[in-house]
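I opened my notebook for a first look at this one. Here is what I looked up, entry by entry.

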Amino acid sequence: MRTAGPPNHLVYVWSLRVRLFHWALATSVAGAWLLSEDVRWLHEYSGYAAVALVVVRILFGFFGTGYERFANFVRGPSATLAYLGDIARRRERRHLGHNPAGGIMIVGLLCTIALIALTGWMMTTDTFWGDERVEAIHKLLANGLVVLVILHVTGVLVASLSHRENLVRAMITGWKRPNPDDERSH
Ligand code: HEM
Ligand code: HEM
């Protein structure tokens, strides 16, 4: 259902820092993944860059403003499950910021990246050097991250189609069309 207001009447949703964070994170995670078997030092630097970005994102999730705050989009289990049910019934509400399903995915992505970097760092320490269990966990989490990223991009595409908007473009420009009924909605 198209619910646009006047065509040029757009709302600025994603701050420059959220957009820079997003594409830098995607690049560093992809870099760490693609370089995992060949260029070890670049693999490690890309992984550390990813986790540094995650730490910065957590800070402005708590202390930032507007749509970037976790309080704006992280919901409890029942609200998240209810939203997933609404998606299945194709009647989910459009959110200007992240929707509850996107919110739980973001928490999952950030935690998984942090754990991958932690286990990666552990492999470089004297205590866990050559420890096959840590290596196995690192690889398992990295494979899990690939699954999450595929689900994340699928979710973005499904939400874009469902609400007839280009969410990828919004993550580049920052602008989205408002919800006419509630311009300050989540
Ligand atoms: C390794 C790859 C990726 C990771 C780790 C990742 C992670 C994230 C995170 C953490 C957010 C939340 C942004 C924030 O509030 O700070 C997000 C949002 C978003 N991502 Fe990604 N992303 C990845 C790849 C992609 C790709 C390839 C696309 C494009 C198809 C994409 C499109 C988006 C969009 C459109 C949003 C905003 C969703 C919404 O409107 O609620 N992401 N992503
Ligand atoms: C988002 C971040 C990361 C991703 C996606 C990732 C992914 C991977 C993957 C898929 C492998 C397995 C490669 C293979 O099959 O041989 C690997 C191996 C490895 N990673 Fe990472 N990694 C990340 C971060 C890090 C960090 C921060 C470090 C350390 C500073 C690190 C250290 C290592 C090491 C030492 C191995 C080699 C294990 C072996 O001996 O085979 N990784 N990583």
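**Ground rules.** I am working with a predicted model, where local features need pLDDT of at least 70, side-chain atom pairs count only at pLDDT 80 or more, and totals for chains, interfaces and linings use all residues. Residues are numbered from 1 along each chain as its sequence is written, while chains are lettered from A and ligands numbered from 1 in the order in which they are written. My helices are DSSP runs (H or I, at least four residues), numbered from the N terminus.

**α2 with α5.** I found an angle of about 135 degrees, with the axes 9 Å apart (axes are lines fitted to C-alpha atoms over the stretch in contact, and angles run from 0 to 180 degrees between N-to-C directions). α2 and α5 are therefore oblique to each other (under 35 degrees is roughly parallel, over 145 roughly antiparallel, 65 to 115 roughly perpendicular, and the rest oblique). Among the residues in this contact are Glu44, Gly47 and Arg57 of α2 and Leu110, Ala117 and Gly120 of α5 (contact puts C-beta atoms, placed from the backbone, within 7 Å). I sorted the contact of α2 with α5 into 10 nonpolar, two polar and two charged residues (Ala, Val, Leu, Ile, Met, Phe, Trp, Tyr, Cys and Pro are nonpolar; Asp, Glu, Lys and Arg are charged; the others, Gly among them, are polar).

**α5 with α6.** The axes of α5 and α6 come within 9 Å and cross at roughly 155 degrees. I noted that α5 and α6 are therefore roughly antiparallel to each other. α5 passes α6 in a left-handed crossing. By class, the contact of α5 with α6 has 14 nonpolar, nine polar and no charged residues.

**Ligand 2.** I counted 22 residues around ligand 2, the closest being Ala32, Ser36, Gly47, Gly120 and Ala142 (near means a C-beta atom, placed from the backbone, within 6 Å). α1, α2, α5 and α6 each supply at least two residues of this shell.

**Ligand 1.** Here 21 residues surround the ligand, and the closest are Ala26, Val29, His98, Leu167 and Met171. Which helix gives the most to the shell around ligand 1? My answer is α1, with seven residues. The shell around ligand 1 has 15 nonpolar, four polar and two charged residues.

Key: A crossing is left-handed if the near helix is turned anticlockwise from the far one by less than a right angle, and right-handed if clockwise. Two residues are in contact if their C-beta atoms, placed from the backbone, lie within 7 Å.
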